[in-house]
Amino acid sequence: LLTTKAVEILKRSEHIFTPIAKEGGTSIAFDIAQRFIPAATPVSRLLFPMIKDKPMLEQQWMENHRAMEKVLRAGHASAFITLGDPGTYSTFSVVMRYFRRFAPDIEIETVPGITSFAYAAARAGMPLVEGNEMVAVVSANDSRERLERIIDSADNVVFLKTYRQRERLLKMLQDRGLGDCCAYIQKCGLEGERVLRNLDGLLHNPEYLSLVILKKRAAENDDTPSEQS
């Protein structure tokens, strides 16, 4: 999903930047947005590798910054596209940080986007919050202790980045008897989308683009089918 403001900016931008995770890789963000980008608009794919080597990361981020700054200094109004919202676990936060440090005179406008969890909750038919409920949006890569505290204290929890920590997360939820209060959503809005209320078998699901939503009071009046496709 794109906002109308994002579409308008894509149509009039003179250059587009899109992140990729590996050399020669594809960009899901570009695949979604390309129908709104004029065919003649130049597109640069910038490598933002998913590695833990901080010196190598910073070197690559600096190369990306220089490439974008060069285009902007030449007077070309440009857009950087990303999945979801640019302020929520987004590569764009790195882009913004480098421009503020090395090119603070260049004006940058951040256009809010539609988060994966807002879209996923809508597809699952699960309001994220009602009344005075509290919702927490967390990375499943965080420590077990912090996640357990959040699960116990929040009314609803969105777990992002569940791919590598799925076994641990499911055990924490099942130990608390909360497995039936969750929805699992993968590839939301894309081909292969699945919405599940039965979390059994997820340990063997290799899908990276996925998340889990916990709504503790969902079981009180839930008549949603166990799976939608």
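Reader: Which residues form a nonpolar patch on the surface?

Author: This is a predicted model. Its patch is formed by Y89, V129, V135 and V137. Together they have about 310 Å² of accessible area.

Reader: Where is V129 found?

Author: V129 lies in the loop between α5 (116–124) and β4 (135–139).

Reader: Why does V129 count as partly exposed?

Author: Its relative accessibility is 39%. Buried means under 20% and exposed means over 50%. V129 falls in between, so it is partly exposed.

Reader: How many disulfides does a search of the whole structure find?

Author: The search finds 0.

Reader: What makes the sulfur of C181 too far for a bond with the closest cysteine sulfur?

Author: That closest sulfur belongs to C182, 6.6 Å away. A disulfide needs two cysteine sulfur atoms within 2.5 Å. The distance is therefore too far for a bond. C188 is in no disulfide either: its nearest cysteine sulfur, that of C182, is 17 Å away.

Reader: Why is C181 called buried?

Author: C181 has 7% relative accessibility. The cut-off for buried is under 20%, so C181 qualifies.

Reader: Which residues of helix α1 (residues 4–12) are buried?

Author: They are A6, V7, I9 and L10.

Reader: How do you know that they are on the same side of α1?

Author: They cover an arc of only 165° around the axis, so they share one side of α1. The buried residues of α1 pack against β1 (15–20), α2 (28–33) and β3 (78–80).

Reader: Which exposed residues does the face turned away from the buried side carry?

Author: That face of α1 carries T4, K11 and R12.

Notes
Residues numbered from 1 in each chain as written. Predicted model: local features only at pLDDT ≥ 70, side-chain atom pairs only at ≥ 80, totals over all residues. Heavy atoms only, no water. Patch = residues over 30% accessible without salt bridge, like charges linked within 9 Å, V, L, I, M, F, W, Y side chains within 5 Å. Areas by Shrake-Rupley, 256 points an atom, 1.4 Å probe, with all protein chains shown as cover. Salt bridge = Lys/Arg side-chain N within 4 Å of Asp/Glu carboxyl O. Helix = DSSP H or I, 4+ residues; strand = E, 2+ residues; numbered from the N terminus. Buried < 20%, exposed > 50% of the residue type's maximum accessible area, 1.4 Å probe, protein only. Arc of directions from axis to C-beta. Contact = heavy atoms within 4.5 Å.
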